[in-house]
Amino acid sequence: MKKSLLALAVLGAFAGVAQAQTSVTIYGSFDAGVRNQRDIDAAGHSRTTMSSTGTYNSNRLGFKGVEDLGGGLNAHFTLESGFNSGTGELNNTQNRLFQRSAFVGLGGQWGSLDLGRQYTVAFKTVGAYDPFNYKFTGIIPLTGASVSAGTRVDNDIQYTGTFGPITARAEYALGEQVGGGGNNSHAAVGGTYANGPLSFGAAYTVRKPNVGTTAAPNYQDNKNWTVGGAFTFGPARIAAGYQNEKQDRATGGDAGQKNAWVGGSYDITPALGLTAAYYHTKVDANAVGVGNTTAGKRGLFIVGATYALSKRTNFYADIDYAKYKDGLETASTGTNTILTQSSLRSAPGQDSMLGFSVGINHLF
């Protein structure tokens with residue numbers, strides 16, 4: 001009896017140590033609001049919607065785990081799913097449960113090495129000089145500056161290391177195509193410098209996506225680079241950036257797109273914040289499909305405000321105005337539909353659009 005009690009006590013002690021060394025966190029963001037858009041087509045029609053994957057902040061439900069392996073080494077994982085606040089559905093048509101993130105890795109003083117589906121180097125780098133800090137992503141085309149280099153990528157092997165004010169990143173995502181080589185692969189390097197009020201970063205991405213069809217694949221080179229910076233002074237912050245992409249076409253030559261942005265934010269009170277920015281997107285001729293030879297431009301001006309009810313809950317509102325120029329309209333469904341900002345307009349003949357949003361965001 002005494003031996004049994006002793007064994008139970010020892011097992012209980014080991015269980016307590018294991019629990020102390022391992023932690024799993026459940027977290028998320030729930031964003032629900034109403035958005036009105038005017039002049040959504042050439043006839044000047046309007047539309048009011050609620051269903052979204054998050055107007056101000058992307059909806060998500062996530063799980064993070066960390067285990068202390070000793071000697072400064074840890075094992076960790078992240079699983080993150082997105083959802084529509086109006087319908088409760090997954091935020092993707094492929095019905096991926098963990099479409100936002102699904103990776104596992106090892107970390108230590110030397111940095112972190114992660115494997116799986118995760119945010120790309122370009123996406124993480126652009127975040128350092130986004131005026132809106134990746135808020136209102138469904139309205140702002142800035143995520144396209146990294147989307148074209150991949151917001152997230154599957155089968156990714158990524159290294160991140162922070163050394164003083166410098167954060168260095170590198171990744172390689174396997175193409176997993178028959179015959180090997182670089183078909184469908186993704187490689188990138190990037191870095192961010194943050195010291196006091198100043199931060200800036202840059203990233204370079206090389207991909208080889210399929211510009212053909214599933215039945216007749218045609219893999220062509222895609223190159224993307226971005227650079228930008230931000231400066232904080234008192235309650236204010238200004239940020240600016242630039243992105244350039246070139247995509248080789250199956251029929252010869254290449255197509256390109258460019259994104260440039262500048263903006264600033266100001267905390268009027270500890271609870272009330274205001275941000276404004278301008279985003280310019282330009283798509284070169286032949287960027288959409290083989291038969292499309294017309295370039296297009298879009299200029300977007302947006303002002304957003306937030307009021308914090310607590311550290312986890314805030315009201316938000318925005319007004320945004322987009323102006324379209326030249327003939328590029330809806331994206332082609334044919335070959336060469338690679339450049340993600342090619343769909344500048346929502347309908348043929350549209351030359352501008354005005355939007356208003358208001359809602360509430362809760363973090364948990």
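Salt bridges, hairpins and a pocket in a predicted model

Me: In this predicted model, which residue forms a salt bridge with Asp320?
Reply: The closest N and O atoms of the pair are 3.0 Å apart, and a salt bridge requires a side-chain nitrogen of Lys or Arg within 4 Å of a carboxyl oxygen of Asp or Glu. The pair links distant parts of the chain, since one partner lies in strand β16 (residues 313-326) and the other in strand β1 (residues 22-38), 285 residues apart. The partner of Asp320 is Arg35.

Me: Is Asp320 buried or exposed, and what is its relative accessible area?
Reply: A residue counts as buried when its relative accessible area is under 20%. Arg35, at 11% relative accessibility, counts as buried, and Asp320 is buried too, because its relative accessible area is 3%.

Me: Which residues are linked with Arg35 in a network of salt bridges?
Reply: Side chains of opposite charge can pair when their charged atoms come close. Arg35 belongs to a network of salt bridges, and the residues linked with Arg35 there are Asp318 and Asp320.

Me: How many residues apart in sequence are the parts that the pair of Arg100 and Glu80 ties together?
Reply: Arg100 and Glu80 form a salt bridge in which the closest N and O atoms are 2.6 Å apart. Arg100 is buried, with a relative accessible area of 5%, and Glu80 is buried, also with a relative accessible area of 5%. Because Arg100 lies in the loop between β4 (73-81) and β5 (101-108) while Glu80 lies in strand β4, the parts tied together are apart in sequence by 20 residues.

Me: How many bridges join strand β11 to strand β12?
Reply: Strand β11 (residues 222-233) and strand β12 (residues 236-248) run antiparallel, and one of the bridges pairs Asn222 with Gln247 in β12. The two strands form a hairpin with 2 residues between them, and Gly234 in the turn has a positive phi of about 60 degrees. The number of bridges that join β11 to β12 is 12.

Me: Which residue takes a positive phi in the hairpin of β12 and β13?
Reply: β12 and strand β13 (residues 254-267) pair in the antiparallel sense over 13 bridges, and Tyr242 has Ala260 in β13 as its bridge partner. The hairpin has 5 residues between the strands, and the one with a positive phi near 105 degrees is Gly252.

Me: Which element gives the largest share of the lining of the second largest pocket?
Reply: About 380 Å³ of space lies in the second largest pocket, and of its 22 lining residues the closest to the centre are Tyr56, Asp267, Gly273, Thr275 and Thr306. The elements that give two or more residues to this lining are β13, β14 (272-283) and β15 (296-308). The lining residues divide into 12 nonpolar, 8 polar and 2 charged. The largest share, 5 residues, comes from β15.

How values were computed. Residues numbered from 1 in each chain as written. Predicted model: local features only at pLDDT ≥ 70, side-chain atom pairs only at ≥ 80, totals over all residues. Heavy atoms only, no water. Pairing = 2+ DSSP bridges. Helix = DSSP H or I, 4+ residues; strand = E, 2+ residues; numbered from the N terminus. 1 Å grid on protein atoms, 1.4 Å probe; cavity = no way out; pocket = protein on both sides within 12 Å on 5 of 7 lines; lining within 4 Å. Points joined across faces, edges and corners; volume = space filled by probe spheres on them. Nonpolar A, V, L, I, M, F, W, Y, C, P; charged D, E, K, R; others polar. Buried < 20%, exposed > 50% of the residue type's maximum accessible area, 1.4 Å probe, protein only.
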